[in-house]
Amino acid sequence: MRRNATAQEINMILLEQAQEIICPESKWQEVLEHCKRKLAGDYLPGESRMPRAYGVVAGIQHGPALEVERILPIKKNVRDQEPYKTYMDKIMKQYALPSKTPLSKRGWMTDPAELKACYEECDREGLVVFGTYHMHVVPWEHDPLRDRPTRLDMVLARNSRLFSFIVSMVDVALPRMRAFYEALEAREVPILIQEGELAQIA
Amino acid sequence: MPRVIIPFPLRKYADNQREVVIDGDNLKETIERLLQQYPEFKTLNDDAVFVSVFINHYLVRAAFEKWGELAVDRDDEISLVIPIAGG
């Protein structure tokens, strides 16, 4: 188990001031494996049966750099359970762009108890939650790569004080990931994959 | 007095504390005092954000108007969880 973060480390945490995110290759692969597994319809026991992958990104901060140490996939989706359904239906109707998939089949929301357990795990390990990740799979005419946040992503991340990691799985052979503070395009921070030498993945 | 576990994104507004002790006899009073003490937690009042509240690991399913009827005591732990959602 990781040691607890020192007070000095905690005081350094100002996520919105981060200038780069360092992601070890192994953590990037964990995100990819999660996305590919969901796309393949290979579900774990207790996991919502939907081809969407999302989860929590946690780690430590080294000055202006955030270093990813944990990827915590989320299993459950409560989007169709009340009271979340009413809230999500309203948001979807107001902000989601039309697509082939009906609004009632779009959108997801994490189970709060599962998210709470993730946060408690990060606390125990002395990690800070940097953000969340989720994948986009359908290309849009105006956004063929889908590696940027949508208007809906932005609305749902408003005031989150977290990074939104957008994983483009439009082309499974060429996946991409980009990070945006509160899903704002103007507040993108580069992700560097760490594998011997640093190489940009987005 | 119950302990309130602060969600990660809001800790910087509470001197980076994981939890704070707030005086309150019921959930509504505790949350209102929390917001008075940390006005930067305005996210909790933003109707665009759906905040889940737990008392000792039990999710509070009652509507906000009923929170005054949910007694809390000094050994209780209140956790606030801001959900992750996407389209």
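This is a predicted model: local features need pLDDT of at least 70, side-chain atom pairs count only at pLDDT 80 or more; totals for chains, interfaces and linings use all residues.
**Chain B as a whole**

Let us start with chain B, which has one helix and six strands. Read from the N terminus, its elements follow the order β-β-α-β-β-β-β. Its C-alpha atoms fill a box of roughly 35 × 30 × 20 Å along the principal axes. A compact globule of 87 residues would have a radius of gyration near 12 Å, and chain B agrees with this at 12 Å. Of the 87 residues in chain B, 30% count as buried. If you look at the contacts in chain B with a separation of 6 or more, 57% of them come from residues 24 or more positions apart.

**Where the two chains meet**

How many residues of chain B are in contact with chain A? There are 21 of them, and they are in contact with 35 residues of chain A. On chain B, the elements giving two or more residues to this side are strand E3 (52-55), strand E5 (77-81) and strand E6 (85-86). Sorted by class, the side of chain B that touches chain A holds twelve nonpolar, six polar and three charged residues.

Strands take part in the meeting too. Strand E4 of chain A, residues 108-109, pairs with E6(B) in the antiparallel sense, over two bridges. Within E6(B), B:Gly86 is the bridge partner of A:Trp108.

| Helix | Residues | Number of residues | Span between end C-alpha atoms | Expected span at 1.5 Å a residue |
|---|---|---|---|---|
| H3(A) | 84-95 | twelve residues | 16 Å | 16 Å |

Which residues of H3(A) are buried? They are A:Tyr84, A:Met88, A:Ile91 and A:Met92. These residues lie on the same side of H3(A) because they cover an arc of only 100° around the axis. The face turned away from that buried side carries the exposed residues A:Thr86, A:Lys90, A:Lys93 and A:Gln94. The cover over the buried residues of H3(A) includes E4 and helix H5 (151-157) of chain A, together with E6 of chain B.

In H4(A), the buried residues are A:Pro112, A:Leu115, A:Lys116, A:Cys118, A:Tyr119 and A:Cys122. Seen down the axis, they fall within an arc of 160°, so they line one face of the helix. What do the buried residues of H4(A) pack against? From chain A come strand E2 (54-62), strand E3 (65-73) and strand E5 (128-136), and from chain B come E3, strand E4 (58-59) and E5. After H4(A) comes A:Gly126, which has a positive phi near 70°.

**A closer look at A:Arg106**

Finally, find A:Arg106 in the loop between H3 and E4 of chain A. Is A:Arg106 buried, exposed or partly exposed? A residue counts as buried with 20 or more other C-beta atoms within 10 Å, and as exposed with 12 or fewer. A:Arg106 has 17 such atoms, so it is partly exposed. Leaving aside neighbours within four places in sequence, A:Arg106 is in contact with A:Met92, A:Ala96, A:Thr101 and B:Gly87. One of these, A:Met92, is also among the buried residues of H3(A), while B:Gly87 belongs to the other chain. The C-alpha atoms of A:Arg106 and A:Gln194, which are 88 residues apart along the chain, are separated by 34 Å.

How values were computed
Residues are numbered from 1 along each chain as its sequence is written. Chains are lettered from A and ligands numbered from 1 in the order in which they are written. Two residues are in contact if their C-beta atoms, placed from the backbone, lie within 7 Å. Helices (H or I, at least four residues) and strands (E, at least two) are DSSP runs, numbered from the N terminus. Ala, Val, Leu, Ile, Met, Phe, Trp, Tyr, Cys and Pro count as nonpolar, Asp, Glu, Lys and Arg as charged, and the others, Gly among them, as polar. Two strands pair if DSSP finds at least two bridges between them. The expected span of a helix is 1.5 Å times one less than its number of residues. The arc is that of the directions from the helix axis to the C-beta atoms. The radius of gyration is taken over C-alpha atoms; the globule rule is 2.2 Å times the number of residues to the power 0.38.
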